Amino acid sequence: MLTVGIFFVTLTHMTTQQPNFHPDVLVIGAGFAGLRAIVSMREIGHSVTALETGDGVGGVWYWNRYPGARCDVESYDYSYRFSEELEQEWRWSERYATQPEILSYVNHVADRFNLRDDIVFNQTMTDAKWNDATHRWEVTTADGSQFSGRYLIMATGSLSAAKDVVLPGQDEFEGKIYWSSRWPHEGVDLSGKRVGIIGTGSSGMQMVPVIAPQVQHLTVFQRTPNYSIPAPNAPVSDEEDAAVKATYRARREAAKNSPSGLNFPASGVSALEVSDEEREAEFERAWARFGFGFVLCFRDLITDEKANKYASDFIRRKIGEQIEDDEVRKHIVPADFPFGTKRPSVDANYYPTFNRDNVTLADLRDEPIERVTKTGIATSAAHYDLDVLVFATGFDALTGSFLKPNIVGRNGQSLREHWDAGPLTYLGLLSSGFPNMFIIAGPGSPSLLSNVMISIEEGIDWLTEMIMFSEAAGNSSLEATSEAEAGWVQHVNEKADETLYPKVASYYNGDNVPGKPRVFMPYSGGVRGYRRILERVSGNGYEGIIFEK
Ligand code: NA7
C-alpha cells in the first residue's frame, strides 16, 4: 500500500508537490552527495526522488551544529564544481567555512537548482530489496511508506552514523546530555554550567576552545591524545575571492591531480633526503600555512616510519610549546603512534585552552570512567561534578550508514551478510550481488583520505556515464562481478600495505567500534590514481561489470 499526500515544508522553500514514489532513481540522503546525484540524474533525463531523514538538506552539515563546527578543507575546494555559475556567484567569507556558512551554501544550491522538488524530507529508509523480476529496488521507510526505483544511490555518508556510546549509569544522570553529531538546532546555553566533554577528535577539538570561555568549568575527558595542526584560517578579501574565481578551473584541475584533492601540490621530496635545517624549515612552512595539508609537505610521511618520526616529533614539540602546565603537557602530547595514521585534527586555539583556570584535562588512560552518576562522572581517580555531558565520540565510519538499513540484493543476500568480514566493493562504487545499487564516497573509494567532494563528484559523474552506456545498449541492470570485487579489495589492501595506516588503531581500520571487523577501508592510492583506474575501467567497456537486458 502506498502512503500518499505527504506535504513537505522547509525553512527556505515550501512545496506541496506530491512525491514521485516510483521514479527511475531513488537517492538516499540529501547531503552533498545526494544533491549532486539529483542534479546528475536529472541531466540524463531520469526522474529522481531523494529520501532524507532530516527536515532540511546538508547531511552532516545539517546535523553537526555543535559550537565551533567547521570544515578543515578550504571552502573553495570543499564545494561543488559542477556549475561554473554557482562557483562564481557564491562568496565564501573565510578560508575554512563554519558549519552555518556551509549549511547556507547547501541550502543555496538546493534552492538555485530547485532540488527540493525531488526530495522527501523526514523519511528514513529502513529496508531496500532488489526485485529480480522487475529489476527495481523496493524501498520501505520508517513510517511504512513504499518507494521503488530502477537505481538505488546510497548517498548516506561515511561519517554520518554516530557511534553508540552508552556508559554505565548514564540514565541516572540528572543533568543534560548532548551529542556533537545531533546538536539541538535551537542551540544550547552553556553559560555558567559545569560541562564535561568526552572525545578529543576533530569535533571535540573544535568545540573545546569555543565553549571554554562560556562555561563555568570544562572537563575534557581524553582517551587517545591526537595530533592537530593549526588551521591557517582568515577572512577572504574581495581581492582573494576575485583571484580564485578568475582561475577556478585551474584550481579544480590542480586539486583533482593532487593526491588528496586539496589545494597543495604534492611534494616529490623525501623527508629523509634533505638536511635537518631544510626539513625543519619545510615543517615550519607547512605548520603555518598548510593545515590538514601538512601531511603532504614531504612525499613519504605516511609511508616511511623514519620520515614520519621527523614530522611526529616536530608536531609534538609544537603542541608541547602551547601548554604551560608540565603535567597537562605530559598527557596531551601524542606519544605512541605516527602522525597522520589516525585522522589528525585541524584546530583553532585548542591547546592554549588548557592554560585557562576553568579547564581540566582528565586522561582516561590513567583514570578510566567507572560510571556516570546523578551528578557527574566517576573515574577510577576522582568524581567530576557536571551539569552537562557532551559526547563527541565519533562515528561508525565508512560502513555504518550503509549497513544501518537492511539492504537485500540478489538471492536474498543482505549487504550486512555480504560485508560481514569487512566491506566488499568494486571501485568503492558497486558491490557484487547488489545490481543497480551505487555507493557514494564509501569504503574502497578515496573518500575520507581525500577532499571528499572530489570522491563524491567524480564518483557520480562516472556512474552517470555508466548508466547512459548501459541504457544505450538496452540493458536494465548492471552489477559488479565477484571476481572484479575481490580484485579491487585486494588492490585496496595492497595500497594500504604501502602505508603506515594499517599499523595503527583508527576508524579507517574499524578499530573505534567494538566488534567491527578490522579492515582498512578507504582507498589510499590518491584521487588522481583512483581516477585513472576509473577511466581505464570505462575505457575498457566497463570491465568487471555485467550488464543485463
Ligand atoms: P573521532 O575523530 O572518531 O573522535 C572521537 C573521539 O571520541 C576520540 O577522541 C575517541 O577516543 C573518543 N571516544 C570514542 N569512544 C569513546 C569512549 N567510549 N570513551 C572515551 N572516549 C571515546 O570523531 P569526531 O566526531 O571528533 O571526528 C570525526 C570526523 O569529522 C573527523 O575525522 C573529520 O573527518 C571530521 P579514541 O581516539 O578512540 O581513543
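Reader: To start, is cysteine 297 buried or exposed?

Author: Cysteine 297 is buried, because its relative accessibility is 2% (buried means under 20% relative accessible area, exposed over 50%, partly exposed in between, with a 1.4 Å probe and protein chains only). This is a predicted model, in which local features need pLDDT of at least 70 and side-chain atom pairs count only at pLDDT 80 or more, while totals for chains, interfaces and linings use all residues. Residues are numbered from 1 along each chain as its sequence is written, and side-chain values use heavy atoms, with hydrogens and water left out.

Reader: And cysteine 71, buried or exposed?

Author: Cysteine 71 is buried, with a relative accessible area of 6%.

Reader: How many disulfides are there?

Author: The count is zero, a disulfide being a pair of cysteine sulfur atoms within 2.5 Å.

Reader: Changing topic, where is arginine 279 found?

Author: Arginine 279 belongs to helix H8, residues 276-289 (a helix is a DSSP run of H or I, at least four residues, numbered from the N terminus). Arginine 279 counts as buried, at 6% relative accessibility.

Reader: Which residues is arginine 279 in contact with, beyond its neighbours within four places in sequence?

Author: Those residues are Ala271, Val274, Phe298 and Tyr310, where contact means heavy atoms within 4.5 Å.

Reader: Which residues of H9 does H8 meet?

Author: Residues of H8, including Arg279 and Trp287, meet Tyr310, Ala311, Phe314, Ile315, Arg317 and Lys318 in H9.

Terms used: Helix = DSSP H or I, 4+ residues; strand = E, 2+ residues; numbered from the N terminus.
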